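Load the model in your viewer and keep the selection tool at hand.

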Amino acid sequence: MHQAASHGAALTVTAIFMLALSYATGFATLPTELERTQRCHLERTYKMIGYNCANLNLKEIPQWLKTNLEILDLSFNRIRDLNGQSFARYGSVKYLYLFENMIQNIEEGTFSELTNLEAIDLSFNALKSVPLEIFQLPVLRNLYVGHNALYDLEADLSALQKPVKAPLQVLSFPDCRLQRLPDFGILPDLWQLNISSNPMKELTLYQFSPMCNLKSVDLNNTQVPSCACQVLTSELILRGTTVKYPPLSCIPMTVTEQDRCKADFQSKSEKMSEEEFYAYQQCMDVRKSRKLDTEAKATWMTISGVVALCIVLFAIILYCLHRRNARKMKASRRNKKQQVMNNINRVIVPPSPAPEVPVETTKSEKLLSDCD
């Protein structure tokens, strides 16, 4: 009895110690938590098949899920490496969440087969760059890579095929150790950009020229030189871009200091003015071309609809005429048939002949009349 009590007390103390350690460090976990069943939950969101595999201590991508899944949440796990077989079975996935993992290595070709991917979140990992194949996905609109030390991104972008195929609309790179805005080439669809909490040593309007449709840029806690920040902010506002949470260095200064900043900025950007104009004009040309294509398609759709409507109306008119002629012919045949039936049913009675009078009676009557 004493030994059993001592053994139970020892287990209790051990469990309490592990629990305290888990709260203190945030990494230690109880054996029951580590040994719990690691199963993803099937969910349906907006009529799409999805799997919730978040916070299951997964170290690799599960391969037993339905292949037609469209949403895959693998956040808050312990995944370190991704390879070409990680998502080979899941070519239909549209929304992929991989934030809060330990991803360090991504083999080339890992995402190349995800041609239906519309959004991917790789935030809060250990990445040093972004796989270039992501920028060639045909329908990718949202890319989140925040809170990664992307020291190798600028060098890797020199091999990026431009213009990119991905119709990117939202780019999020907060706290990525960026010293200048990454050059992704022409991004005519991009309307939201987040580059907050980055030590930007160089940030000019020229770097925003390929983003001619930019509507919002987040500069919260971004380290930008005072003059460059002020000139950039004012120019972006003139373009119709909303600057969210500008740094304190962008607070308007005196008129004299503003003029000095603008003069300094213009002298430095004279050599880049032609390139800046060319990049911006190229971006606008792409948008105008798409707009013309859309208008042309709309025009052809209208013409096709009018032609189809005319054909339908003509067919309806022909059908109505055919029905009217058919009714007339049917009525005519009915009348003729009625006449024939009347002729058949009519009884023709011949006139009765006059009765013959005997000759003797006639003569005797004549004699009697003479006597009278």
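**Stop 1: the disulfides**

Select C212 and C283: a disulfide joins them, S to S 2.1 Å. The term covers a pair of cysteine sulfur atoms within 2.5 Å. C212 sits in the loop between β10 (192-194) and β11 (216-218), and C283 in helix α6 (residues 273-345), so the bond ties together parts that are 71 residues apart in sequence. Helices (H or I, at least four residues) and strands (E, at least two) are DSSP runs, numbered from the N terminus. The S-S torsion of C212 and C283 is about -70 degrees, so this disulfide is left-handed. C212 and C283 are both buried. Buried means under 20% relative accessible area, exposed over 50%, and partly exposed in between (1.4 Å probe, protein chains only).

A note on the source: this is a predicted model, where local features need pLDDT of at least 70, side-chain atom pairs count only at pLDDT 80 or more, and totals for chains, interfaces and linings use all residues. Residues are numbered from 1 along each chain as its sequence is written, and side-chain values use heavy atoms, with hydrogens and water left out.

The structure holds two disulfides. For the other, select C40 and C53, again S to S 2.1 Å. Here the torsion is about 120 degrees, so the disulfide is right-handed. C40 and C53 are buried too.

Now pick two further cysteines. C176 is buried at 0% relative accessibility. C310 is partly exposed at 46%.

**Stop 2**

Go to the second largest pocket, with about 320 Å³ of space. Its lining has 17 residues; D183, G185, Y206, P210 and A279 are the closest to its centre. A pocket is an open set of points on a 1 Å grid over the protein atoms alone, where a 1.4 Å probe fits, with protein on both sides within 12 Å along at least five of seven lines; lining residues have an atom within 4 Å of a point. The volume is the space filled by probe spheres set on the points.

**Stop 3: salt bridges**

The rule asks for a side-chain nitrogen of Lys or Arg within 4 Å of a carboxyl oxygen of Asp or Glu. D183 is partly exposed at 40%, and K162 is partly exposed at 39%.

How many salt bridges does this rule count? The count comes to six. Among them, E118 pairs with R141 at 2.7 Å between the closest N and O atoms. E118 is buried at 18%, while R141 is partly exposed at 25%.
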